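Trainee: I would like to learn how to read a model like this one. Where do we start?

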Amino acid sequence: MKAKWIAGALLIALASVAMAGEKGMGTAAMKQLDANGDGMISPEEATAHPRLSENFDEYDTDGSGTLEQGEFARFETMSQEREMKQKGKNE
Ligand SMILES: [Ca+2]
Ligand SMILES: [Ca+2]
């Protein structure tokens, strides 16, 4: 009985590690912006990040008025690419 419980706990732990890995670095940045912790970035929360705030509508691809995880992930990918391009120009 006890061994079964441990196996179950281990499975849950492994699953959360796998999920954390999938979300990657994006989650930490999103959590920082997500002031009320509802898992979405509202326009008000985006004001903490000027570049995100400026292009908020562009990244809100489903027009829900908030950025969900997928939409924020896209913003992060785009800004990373932009940064890499800028670095390339400066060097
Ligand atoms: Ca929020
Ligand atoms: Ca949205």
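Predicted model: local features only at pLDDT ≥ 70, side-chain atom pairs only at ≥ 80, totals over all residues.

Trainee: What percentage of the 91 residues is buried?

Mentor: Buried residues account for 10% of the 91. As for contacts between residues at least 6 apart in sequence, 38% join residues at least 24 apart.

Trainee: Which residues form the largest nonpolar core?

Mentor: The general idea is that nonpolar side chains tend to be buried together in soluble globular proteins. Here, the largest nonpolar core consists of eight residues: M30, I41, A46, L52, F56, L67, F72 and F75. Beyond its neighbours within four places in sequence, A46 has contacts that include I41, L52 and F56; L33 and S53 are also in contact with A46.

Trainee: Why does T27 count as partly exposed?

Mentor: A residue needs 20 or more C-beta neighbours within 10 Å to be buried, and 12 or fewer to be exposed. T27 has 18 inside 10 Å, so it counts as partly exposed. T27 sits in helix 2, residues 26–33.

Trainee: Does helix 6 lie largely in the open or largely buried, and why?

Mentor: Helix 6 lies largely in the open, because two of its 22 residues are buried. At 1.5 Å a residue, helix 6 (residues 69–90) should span 32 Å, and its end C-alpha atoms are 31 Å apart, which agrees.

Technical notes: Residues numbered from 1 in each chain as written. Chains lettered and ligands numbered in written order. Contact = placed C-beta atoms within 7 Å. Helix = DSSP H or I, 4+ residues; strand = E, 2+ residues; numbered from the N terminus. Core = buried A, V, L, I, M, F, W, Y, C linked by C-beta atoms within 7 Å. Expected span 1.5 Å × (residues − 1).
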